Amino acid sequence: MLSVLRVHLPSDIPIAGCDLLPYVLLRRPDSTITTDDVPESSPVDGYHLRCRWYRIQSDKRVAVCSVHPSEAATLQCLGCVKGKLPVAKSYHCSPKCFADAWRHHQVMHARAASCPQENGAEEDEPHLGHFNSGSVGGIEGALIGGNVLSNGSVFSSPARTPGSMDQVVNGDTWYEVGRGKTYTPTADDVGHVLKLECMAVDSSTGLAIAAASTVLTSRVIPAPSPTPRRLIPVNSLDGPLGLEMEGRIAAPGTFTVLSYNVLADLYATSDMYSYCPPWALSWAYRRQNLLREIVQYRADILCLQEVQSDHFEEFFSPELEKHGYAAVYKKKTAEVYTGTVYAIDGCATFYRRDRFSLVKKYEVEFNKAAQSLSEALVPSATKKAALSRLLKDNVALIVVLEARESGSTVDGQSATGKRGQLLCVANTHIHANPELKDVKLWQVHTLLKGLEKIAASADIPMLVAGDFNSVPTSAPHSLLATGRVDAAHPDLATDPLGILRPPSKLCHSLPLMSAYSAFGRLNGVGPTLDRQKRRMDSSSDEPFFTNCTRDFLGTLDYIFYTADSLGVESLLELLDEESLRKDTALPSPEWSSDHIALLAEFRWLRLDHENQSGRDPFPSLQREGGRLRT
């Protein structure tokens, strides 16, 4: 017979909109053990698995803490109420939680006062009544009276009459809400406990052959959502406050590029991020948040790092294809054991099919370049040391895209017979170990030399984006931003293999400039400019941070562009630390990666006249799919 041995949920805190996929261990009739589903449509020896999901019904109004969604709220910020901010952001579970988040509330209140048109609480989320007004350490708040729970939303499910498939257990009514192994909680489930019931069934009679195995969840919580970020025009910061991404129409002659390290699931472990709640690390939760965030930016080109290979195939590629994107992917050259399976991540570049078409793809495997470099080293002991130090499995993905003009054909040919503007986009993820400064610099230098070869064959605009794991004062950043590394740079002291000598070879001829340095270079007055400048490091003209963990806050991600052929029009607004940290230790679960997304809008400064004839501008390079030898 078929029997259920174990039922387990990855997290006992379900989140609205995020799939619940239980682990169900079965013993098949032939005594083999499996986690594969045995649905009614495909029984095994006359038996199948039946799964039912139930929700306990309650008439109580339910809400949860905006910082700790698994906790019931007991306080509401009166400043948020008065400022008509989304009610979901006003609730807290304790006086300490409220006090720790007060600086964040001050930022929200100030923004609400300066931009009143952006405010307004959701109509379906009324403010709770029965308050006892007071203060917490001088902070104006309200205690939620009685035994009413509170949260970023108040939920009360409509009354229902129990049906034939519902259950009444110990006076509690459990309403059936789903059939099948997987269930996605809805807004109606928020604030309620769910129950999964699994049993082996005789397919001929439809009767259970053993008692059901059940598992209960905690109350369903609403999915936290970060405050939307606006696109800030860099040429009129004293005018408009910023452009909302929703419904925005791109100006002629412009395009947008996003760079985002999405944090691969294989690295999002409780050991690595012990300060984050397990539900916030689960892939089922993060993938929905990531997709929602990426799609709302509506970028023409996406440069994503740490895209796990199975997630690229099963999630990112098919989901983004629905939104009009085509994709190119390059995975790293070695797998990582996660404790249960081997996994691998890499770089994925997506582009809108209605804006660009793919001309060529080049893959840079730094391991191959390391092997070539080691061959030139003698004696053999030095070769082994070089390979041990340089083989780090990082990669870069370079694509050459052709802009589609209005009325162009599938192959990019316009009605006039001319080709579209070409664009070279490099997407990379440089090695992370802070002790291996020489390896980081060598990888960046190797990538730039490869891009120089492309530039020598075709004078086209270039973008270099990604997670460079290098702060603005580092040698890799200096090489990218200035084209050289000073011989006295302290990073050059770490060079046990002598691969960085002489320092004069550490240079390139590409006219690269950091997109976000546009904020630092502008002069003017106005609240928008002042706010963005406060989030920039004036000593480097880079953001104060693009990466936020408990132990690190700094800039590692960049978008560089060739300044002789492209100009910056707009930039996605930067965040302040309080937007990410809502208490003293934790990055907020609203954000699904330890990196923030960077987005820049560019305009073409000149046309690539060489390409107007339609001839191949890359005669000296390998064809599409080949590897670029550096």
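Figure 1. K368 is partly exposed, at a relative accessible area of 42%, where buried denotes under 20% relative accessible area, exposed over 50%, and partly exposed the range in between (1.4 Å probe, protein chains only). Through salt bridges that share partners, K330, K361, E363, E365 and K368 are joined into one network. The model is predicted: local features need pLDDT of at least 70 and side-chain atom pairs count only at pLDDT 80 or more, whereas totals for chains, interfaces and linings use all residues. Residues are numbered from 1 along each chain as its sequence is written, and side-chain values use heavy atoms, with hydrogens and water left out.

Figure 2. In one of them, the side chains of R55 and D189 meet at 2.7 Å, N to O. This pair links distant parts of the chain, 134 residues apart: R55 belongs to strand β4 (residues 47–56), and D189 to the loop between β10 (172–179) and β11 (193–202). Helices (H or I, at least four residues) and strands (E, at least two) are DSSP runs, numbered from the N terminus. R55 counts as buried at 8% relative accessibility, and D189 is buried with a relative accessible area of 0%. The side chains of R179 and E176 also meet in a salt bridge, at 2.6 Å, N to O. E176 is buried, its relative accessible area being 16%.

**Figure 3. Packing of helices α7 and α8.** Two packed helices are described by the angle between their axes and the distance between the axes. Helix α7 (residues 366–375) packs against helix α8 (residues 380–390) at an angle of about 165°, with the axes 9 Å apart. Axes are lines fitted to C-alpha atoms, for helices over the stretch in contact, and angles run from 0 to 180 degrees between N-to-C directions. The helices α7 and α8 are therefore roughly antiparallel to each other; angles under 35 degrees count as roughly parallel, over 145 as roughly antiparallel, 65 to 115 as roughly perpendicular and the rest as oblique. On the α7 side the contact is made by N367, A370, Q371, L373, S374 and E375, and on the α8 side by K383, A386, L387 and L390, contact meaning heavy atoms within 4.5 Å. By class, the residues of this contact divide into five nonpolar, three polar and two charged. Here Ala, Val, Leu, Ile, Met, Phe, Trp, Tyr, Cys and Pro count as nonpolar, Asp, Glu, Lys and Arg as charged, and the others, Gly among them, as polar.

**Figure 4. Packing of helices α7 and α9.** Helix α7 also packs with helix α9 (residues 437–457), at an angle of about 100° and with the axes 11 Å apart. The helices α7 and α9 are therefore roughly perpendicular to each other. F366, A369, A370 and L373 of α7 meet W442, Q443, T446 and L447 of α9. The contact of α7 with α9 has six nonpolar, two polar and no charged residues.

Figure 5. D438 is found in helix α9 and counts as buried, at 0% relative accessibility. Leaving aside neighbours within four places in sequence, D438 is in contact with R389, T494, D495, P496, I499 and L500. The C-alpha atoms of D438 and D495 are separated by 5.6 Å, although the two residues are 57 residues apart along the chain.

Figure 6. A cis peptide bond joins R501 and P502, with omega of about -10°. P502 is found in the loop between α10 (475–482) and β25 (512–514). R298 is not a glycine, yet has a positive phi of about 55°. R298 lies in the loop between α5 (283–297) and β16 (301–308) and is partly exposed, at 37% relative accessibility. D393, likewise not a glycine, has a positive phi of about 70°. The place of D393 is in the loop between α8 and β22 (395–403), and D393 counts as partly exposed at 21% relative accessibility.

Technical notes
A salt bridge is a side-chain nitrogen of Lys or Arg within 4 Å of a carboxyl oxygen of Asp or Glu.
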